[in-house]
Amino acid sequence: MTEINCQVIIVDKTISEKIFSEKSGKETSAGDIVIARVDRIGLQDGTSPLAIRQMIKMGLNKFEGAEKTIFFIDHASPSPRKELSNDHKFIRDFAKKIGAGISDVGNGIFHQRMAESFVKPGDLVVGADSHTCTYGALGAFSTGMGSTDVAIAIMLGKTWFRVPETIRVEVNGTLPNGVFPKDVMLAIVREIRSDGATYKALEFVGDAIDNMSMDGRLTLCNMAIETGAKAGIVPSDHVTKKFLAEMGRPEDFKEIRADEGAEYEWELNLDVSDLPPLVAKPHEVDNVVAVEKVEGTHVDQVFIGTCTNGRLSDIEIAAEILKGQKVHPETRLIVNPASKQTYLQAMKKGFIEIIMEAGGVVNPPGCGPCVGIHQGVLGDEEVCISTQNRNFKGRMGNPNSYIYLASPATCAASAIKGEITDPRGFLK
Amino acid sequence: MMKGRAWKFGDNITTDHIIPGRYYHLRSNPDLLAQHLMEDTDPEFASKVQPGDFIVAGRNFGMGSSREHAPLVIKLNDISAVLAKSFARIFYRNAINVGLPLVIVDTSDIETGDQLEVDLKKGIVRVLNKDIELKATPLPEVMLRILDDGGLVNHIRKYGDFKLEG
């Protein structure tokens, strides 16, 4: 603590406390209830219709957050059935009416689009999707809420929050060959468990985070919710700066990090130097074991994509493993690039061609089969290994199927062998 | 005071258990959607459960997606409240927003078929057939205020803005 004029005490803050202090216009710390202005609001096609109906019901007829709002049609995109086509029409008409943005069929996943084009370090973002926590990777506070909460943010441009306590997650060491940020996050989920961080924020620090690409940091923050957390945050640094410059918006960079004496609820320390590739077994994300424990399990489907691992570096590592190889005849490989930009880059770099030559199918940018609506719904007793973030019973559209979660490398190696496979044998 | 029968579930009940993602196309038709409540855990649940009954669970009820349809379909089945040892964060807020009461209480001794009496204001749960009285963790002031107004939509309709303090 630093004392000024013997009266005003400035308390060292976590990143969450800094952002909530700025956005609520008063000094706040963990545990406080605040009303804060939001910088960005997002919704997806499964949560938008209810949010719109709630706005109509509330009848305020003001949309102070409309300019900050984007409706993303990504979950059932393009629409597989008329009910959803009608939902999409309803969303488009409403977005137009209030002057909000729309990211339509073909543009990609909400969270990838937000990271590429909209979110800045220090922003406060709410989204009607639990994986809104993804762009904490940019040094923002972003959190998922339900349709009604987000509807209110659109109408009032603000909403209420409880400022969370923070768990400091320090990750050190150099990632071994064949081990990726997804494995790091599965290790963290295994430690914290699926409800160990409920209502809390995670701050990721340490030299393994400093050396991690923005793609990897997005994977980590994306899965913060799988520990129950409200947000996962990485301090902004040279990696953030480089990423924003590559996205054509260098002016959006700002440095944000916790103060030296910030208070944390507890700390998790992890050294990843000896970490093996991991998988989460059905039906819970914290059911994590080393890949070798389940090696040889037959897989009917392999899915590479989603807001967790559908980015360029994910598709690149998959292509590197699949180059000159063939997908096992009893296994289907499905790939959904996270966004149009990802898809175009993967195409230019030849990754799409490699995947298709190997026998994979490449779906349009979007959530794909992750939510169990279309583009790869599992059959009874089928097993899928996926780069997504959840393996809950029924997640991919069939409660009588089994989902394993792993890195893109483990998934690509498993596609070739037709069974869960350690990727290290496929990497130089 | 609320009275009804308990229906017991385990730990980590996800929003996919509560309302499976494959019924995505029914989200704009809540009455049809509500018929699939807890279907993958108990296929007959929506037809067996009676108005006023309680869902009782272990730890971390409602983990997973942000779908507000999860508490909504519970409410549409006229379930009085959900009792659990703990709730996932987004579900917790969504439930209060749609006006579905949640009770944080040690549910270890409650079983399916038990007759419950819940006093939300006092935070007391009575298992009538077992003569047990359980003390619930009180909901935060903000949540009680929103719940008292019948959910967040009614709160905003009433005040035109947030009115979270006395």
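Predicted model: local features only at pLDDT ≥ 70, side-chain atom pairs only at ≥ 80, totals over all residues.
Residues are numbered from 1 along each chain as its sequence is written, and chains are lettered from A in the order in which they are written. Local features need pLDDT of at least 70, side-chain atom pairs count only at pLDDT 80 or more, and totals for chains, interfaces and linings use all residues.

Chain B comprises 7 helices and 7 strands, where helices (H or I, at least four residues) and strands (E, at least two) are DSSP runs numbered from the N terminus. Their order along the sequence is β-α-α-α-β-α-β-α-β-β-β-β-α-α.

In helix H7 (residues 152–159) of chain B, the buried residues are Leu152(B), Val153(B), His155(B) and Ile156(B); buried denotes 20 or more other C-beta atoms within 10 Å of the residue's own, with C-beta atoms placed from the backbone. These residues line one face of the helix, because they fall within an arc of 160 degrees seen down the axis of H7(B), the arc being that of the directions from the helix axis to the C-beta atoms. Just after H7(B), Gly160(B) has a positive phi of about 75 degrees.

The elements covering the buried residues of H7(B) include the following, with contact defined as C-beta atoms, placed from the backbone, within 7 Å.

| Chain | Helix | Residues |
|---|---|---|
| A | H2 | 48–58 |
| A | H5 | 147–156 |
| B | H5 | 89–97 |
| B | H6 | 141–148 |

The contact between the chains takes 45 residues from chain A and 38 residues from chain B. On the side of chain A that touches chain B, strand E3 (33–37), H2, helix H3 (82–98) and H5 each supply at least two residues.

Notes:
Buried ≥ 20, exposed ≤ 12 C-beta atoms within 10 Å, placed from the backbone. Contact = placed C-beta atoms within 7 Å.
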